Amino acid sequence: MKQSYFKKLALVVIASAFCACASKIEKAELPITTNPTDEISQIEKQMQADVQNHVNVLAPDEFKKAASWLQEAKDDVRNNQKQEEIIDDLRYSLAYQQKAQALSQERALGVKSILEARTKALQVGALNYESTQKEIEKLDDKMSRASSNFTKYLTADDQSRLQQGYMSVQVAAVVAGELNGVRAKIKAVGDAGGNDKIPNSMQKAKVDLANAENIIEKNVNDKSQYRSAVNQSKASSVFLVRVWEQTRKNKGISEGVAVELAEKNDTIADLKANLDATQEDISALDEKLENQAATVEIQKAIEEARGKFTPNEAEVFQQGNDLVIRLKTLAFPSGSANLSKSSINVVAKANSVISGLDATKVVVEGHTDSVGNAQYNQKLSEKRAETVANYLKINGSEGADIESVGLGYEKPLASNKNKNGRAQNRRVDIIVTVAQASGPMTSSSSHE
């Protein structure tokens, strides 16, 4: 419905295009290099916002001219006209849009209460429903015709009627949004013969609908006040349909029997839903307990692994459900991926930790500082990670899928602007995924 509102506006605009062509307004600034398609989209978006801000009713002539020039730009784009001509159209559109916005700000002061009522009507979707859209258009037309001087063209009674009109539209839009589905169900059952065959159920649904409508009207700005009545009305309409379905399935039964059958079906459905919910709760609890057990196991493995390294050699911590061994002092010769003797000892400790775990996957990440170009550091990090991964494969980390990846200087731990930061960034991270379904994880350090 909202789209149809803007389509109608476009038709009015096209009809008044000659006014724009004769315009004397100063064009807005817009570079000739502007992308016409993007700018058209931006102006359209702003015009939709302007409707919400009442610009179309407070400065209707300027608003229509802005829309007219915008339509001209669209036509020129479609007809492959020159860029300069399209941009010129958009300059005029922007100029009128800006003028309309300025005028609307000036004129809004005299009709603030009316505009507040209009805002609330638009916010609850008055343009989304055919009936309320038509009412909005009628009220907007009256506002537009008086926009040049509200004091002159609108009496106090006129202004009061406009305000009340927008307030009524707000109520109607809320009712439509909340209860159109209810109305449709009641009408469908009634049209099929429900008024004669299940009159009591029909009456109950209609009474609950009327009650919800009345409560909305009295509390339109407070959803919490009408939520319960709306829910009751929706429930009554759904039950009405179920009762009607029973009369269709079981020819000749009374309304009372149809109601009993519908209630029994509802009870069965509720029991099934509760059973499903209980099973889901049990599954969620089982998963939570498993995760907690896995966390305890990982924490135990971390404490045991930390005992193998000095603080300068490695850091061991948990990352999600994985165990991470961050090797800090791998002394690779400059520009080389070969392990020194001291570095081999550190990697051997890491290998001992991994061998004592029920590891299913091991990922070795190589990281560098930012000295040198990106391509060089990427290759170097890959080679260093591969060197460590090969050591693990050769020296007994069996049963685990071992991979290596180089990340260059994409994931620094500290600033690369100083020596200490660069030292932290030159590292190898070993990420160990441990099977959670096995018993408690222990590292070999507990037996040493």
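Modeller: Let's start with a cut-off: a residue counts as buried when its relative accessible area is under 20%. Keep in mind that this is a predicted model.

Biologist: Happy to. Is Ile 186 buried or exposed, then?

Modeller: Ile 186 has a relative accessibility of 8%, so this residue counts as buried. It is found in helix α10.

Biologist: And which residues is Ile 186 in contact with, leaving aside its neighbours within four places in sequence?

Modeller: Those contacts are Met 202, Ala 205, Lys 206, Leu 209 and Leu 240.

Biologist: Which residues of α10 and α12 meet?

Modeller: On the α10 side they include Val 171, Val 175, Leu 179, Val 182 and Ile 186, and on the α12 side they include Met 202, Ala 205, Leu 209 and Ile 216. Sorted by class, this contact has 12 nonpolar, one polar and five charged residues.

Biologist: How should I read the pair α3 and α6, whose axes cross at roughly 20°?

Modeller: The axes of helix α3 (residues 36-52) and helix α6 (residues 83-108) come within 11 Å and cross at roughly 20°. So α3 is roughly parallel to α6. The crossing of α3 past α6 is left-handed.

Biologist: What is the make-up of the contact of α3 with α6 by class?

Modeller: It has eight nonpolar, five polar and two charged residues. Among the residues that meet are Ile 40, Ile 43 and Met 47 in α3, and Ile 86, Leu 90 and Leu 94 in α6.

Biologist: Last topic: aromatic rings. How many aromatic pairs are there?

Modeller: A pair of aromatic rings is described by how far apart the centres are and by the angle of the planes. Here the count is one aromatic pair. Trp 69 and Tyr 92 are stacked, at 4.5 Å centre to centre and 20° between the planes. This pair links distant parts of the chain: Trp 69 is in helix α5 (residues 60-78) and Tyr 92 is in helix α6, 23 residues apart.

Biologist: Are Trp 69 and Tyr 92 buried or exposed?

Modeller: Both Trp 69 and Tyr 92 are buried.

Definitions and conventions: Residues numbered from 1 in each chain as written. Predicted model: local features only at pLDDT ≥ 70, side-chain atom pairs only at ≥ 80, totals over all residues. Heavy atoms only, no water. Axes fitted to C-alpha atoms, helices over the stretch in contact; angles between N-to-C directions. Helix = DSSP H or I, 4+ residues; strand = E, 2+ residues; numbered from the N terminus. Parallel < 35°, antiparallel > 145°, perpendicular 65-115°, else oblique. Left-handed = near helix turned anticlockwise from the far one by under 90°. Contact = heavy atoms within 4.5 Å. Nonpolar A, V, L, I, M, F, W, Y, C, P; charged D, E, K, R; others polar. Phe/Tyr/Trp six-rings, centres within 6.5 Å; stacked < 30°, edge-to-face > 60°. Buried < 20%, exposed > 50% of the residue type's maximum accessible area, 1.4 Å probe, protein only.
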